[in-house]
Amino acid sequence: VRPAGRVRLASPAASVAEWTENPRLLAAKRFGTAVMRESSSAESERISVAFTPVYANPYQHLLTTAMGQLGVEVEHHRRLPSKSWLRSRAQHTRVLHLHWLYGLYMAKLRTPIQVAIFLRWLGRARGLGYRLVWTVHNILPHRQPLPALHRWIRSVVVSRADAIIAHCHWARDELLRRFPTRAPVHVIPIGNYVDVYPFDVTREAARAELGIENGDFVFLALGNIARYKGLDRLVDQFSRRNRVDERLVIAGRDRDSRLVGRLSDAAAKQGRTIVHPGFIPDDRMQVYLASADVLACPFEEILGSSSLILGMSYGLPVIAPAIGCLPELVTPEAGSLYDPNDPEANQLWLSDPTFVAGTNILYAYVDSYDENLVPEGEILESNESDNRASIPDLGVTGLTVQSDQVGISDIDRESSRSDMGN
């Protein structure tokens with residue numbers, strides 16, 4: 001039921017404009033304009049920001065490109081910038097923008113030492129006058145060998161941050177419930193991956209490459225293969241079905257070798273599931289996207305999902321649990337949600353053909369951008385307190401840099417560009 005030509009999927013949870021031709025730059029311009037009104041010096045200074053940690057996933061690179069078009073200079077640091085860098089750049093770089101915290105303080109057996117290094121780094125940065133911004137890609141990590149440590153680190157970061165970014169209202173509310181703060185927590189809707197990956201393969205060619213018949217109905221589970229993704233249960237439920245015209249494709253980086261082994265064994269026994277663990281090159285991402293009818297995201301826990309946004313960006317309807325940010329992303333036009341606490345609902349989308357068939361035609365199309373759809377300066381909401389209403393002396397600083405969030409949440413610290421994290 002997929003129309004010919006390029007699909008542009010609109011999510012009413014964000015603005016329609018955010019899913020059009022240049023959503024990242026549009027959001028950045030609108031939020032930048034709103035913030036610049038608060039600072040008379042904004043136009044006279046070139047803002048410099050440092051991202052840490054930085055990984056190969058497109059998220060931060062798309063953000064950097066959009067910010068550069070607005071005159072914001074962004075430096076990338078895979079790890080914490082050194083003590084000498086902090087001292088030498090204190091008069092030039094005004095904002096230190098923290099992303100995924102896990103990799104900044106976790107180091108296997110060296111974790112106690114790395115925690116001390118991170119805490120000293122935070123104190124030194126504040127002492128040198130840097131402003132700190134944290135984007136909450138996940139409130140707590142999926143892997144929690146030391147849960148008390150993860151909670152403590154986040155309480156420290158929240159207490160020292162000048163501004164915090166959440167991608168949805170639920171994330172903001174949950175963060176404030178767990179870690180109360182007077183710092184402004186801004187909600188900036190998740191963007192998209194439209195046109196990030198090549199998409200010139202035909203559906204028939206993609207399916208032929210994967211050994212799938214053209215008439216089959218294909219469920220795709222894309223992204224890191226990890227326990228929290230609910231893939232064990234997905235394969236188990238799918239194996240109980242006797243539909244010879246259905247296929248399940250699981251593709252993404254191996255984050256749990258035992259899980260991959262179980263999935264591969266189950267796939268070999270029932271013959272209708274394809275498991276491709278490993279790195280997905282940019283030019284092969286389209287093979288999985290083009291071959292699928294539905295993106296299956298049976299998460300057991302999640303805040304936001306990069307793989308879900310990727311599927312939506314390339315026109316795939318989504319089936320996912322109503323948890324985290326997903327109810328604000330997956331509207332009826334974009335897919336279907338089920339209640340994860342209802343045992344029957346967990347199996348509904350596999351057992352009821354009408355549930356799945358309905359999502360296969362739920363597309364929303366946007367052919368042109370209407371300037372009247374998004375009023376000026378209404379690109380975000382926040383809980384700014386009266387005494388900390390933004391960071392006025394920064395002009396279009398950390399908050400402006402955040403205005404172009406491209407919506408890739410919970411990306412694992414080692415994720416590559418094509419892994420899409422969650």
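At 80% relative accessibility, Lys 108 counts as exposed. This residue of the predicted model occupies the loop between helix 4 (102-105) and helix 5 (111-127). The phi of Lys 108 is positive, near 55°, in a residue other than glycine.

Asp 195 also has a positive phi without being glycine, with a value near 70°. Asp 195 belongs to the loop between strand 6 (185-187) and helix 8, and its relative accessible area of 40% makes it partly exposed. A further backbone feature is the cis peptide bond from Thr 52 to Pro 53, whose omega is near -10°. Pro 53 is placed in the loop between strand 1 (48-52) and helix 2.

## Helix 2

Helix 2 comprises 12 residues, 58-69. At 1.5 Å a residue the helix should span 16 Å, and the 17 Å between its end C-alpha atoms agrees with this expectation. After helix 2 comes Gly 71, with a positive phi near 85°.

The buried residues of helix 2 include Pro 58, Tyr 59 and Gln 60 in its opening part. Leu 62, Leu 63, Thr 64, Ala 66 and Met 67 are buried as well.

Six strands form an open sheet with parallel pairing, in the order 9-8-7-10-11-12. Strand 9 (273-277) and strand 12 (335-338) are the edge strands, each pairing on one side only. From one strand to the next, the twist averages 20°.

Strand 8 (residues 246-252) pairs with strand 9 in the parallel sense over 5 bridges, and Leu 248 has Thr 273 of strand 9 as its bridge partner. Strand 7 and strand 8 are likewise parallel, paired over 6 bridges; here the bridge partner of Val 218 is Arg 247 in strand 8. Because 7 of the 7 residues of strand 8 are buried, this strand is largely enclosed by the rest of the structure. Both of its faces are covered: one side carries Glu 246, Leu 248, Ile 250 and Gly 252, the other Arg 247, Val 249 and Ala 251.

In soluble globular proteins, nonpolar side chains tend to be buried together. The largest nonpolar core here has 43 residues, of which Leu 220, Leu 222, Leu 289, Leu 308, Leu 310 and Val 318 touch the most other members. At least two residues of this core come from each of helix 2, helix 8 (203-210), strand 7, strand 8, helix 11 (282-291), helix 12 (306-313), strand 11 and helix 13. The largest contribution is that of helix 11, with 5 residues.

Leu 220 illustrates the packing. Not counting residues up to four places away in sequence, Leu 220 touches Val 249, Tyr 288, Leu 289, Ala 292, Val 294, Leu 295, Ala 296 and Leu 316. Apart from this core lies another, of 38 residues, among them Val 115, Phe 118, Val 156 and Cys 168.

## The disulfide

A search of the whole structure finds 1 disulfide. It is formed by Cys 168 and Cys 325, whose sulfur atoms are 2.1 Å apart. The torsion about the S-S bond is about -75°, so the disulfide is left-handed. The two cysteines link distant parts of the chain, 157 residues apart: Cys 168 is in the loop between strand 5 (163-166) and helix 7 (169-178), and Cys 325 is in the loop between strand 11 (318-321) and helix 13 (326-329).

Both partners are shielded from solvent probes: Cys 168 is buried at a relative accessible area of 3%, and Cys 325 is buried at 1%. Another cysteine, Cys 297, is buried with a relative accessible area of 2%.

## Two arginines

Arg 227 is located in the loop between strand 7 (217-222) and helix 9 (231-239). With a relative accessible area of 63%, Arg 227 is exposed. Not counting residues up to four places away in sequence, Arg 227 touches Asp 256, Leu 259 and Glu 300. Arg 227 and His 142 are 85 residues apart in sequence, while their C-alpha atoms are 9.0 Å apart in space.

Arg 233 is part of helix 9 and counts as partly exposed, at 33% relative accessibility. Along the chain, 67 residues separate Arg 233 from Glu 300, and the C-alpha atoms of the two are 9.8 Å apart.

Conventions. Residues numbered from 1 in each chain as written. Heavy atoms only, no water. Helix = DSSP H or I, 4+ residues; strand = E, 2+ residues; numbered from the N terminus. Expected span 1.5 Å × (residues − 1). Buried < 20%, exposed > 50% of the residue type's maximum accessible area, 1.4 Å probe, protein only. Contact = heavy atoms within 4.5 Å. Pairing = 2+ DSSP bridges. Axes fitted to C-alpha atoms, helices over the stretch in contact; angles between N-to-C directions. Disulfide = S-S within 2.5 Å. Core = buried A, V, L, I, M, F, W, Y, C linked by side-chain atoms within 4.5 Å.
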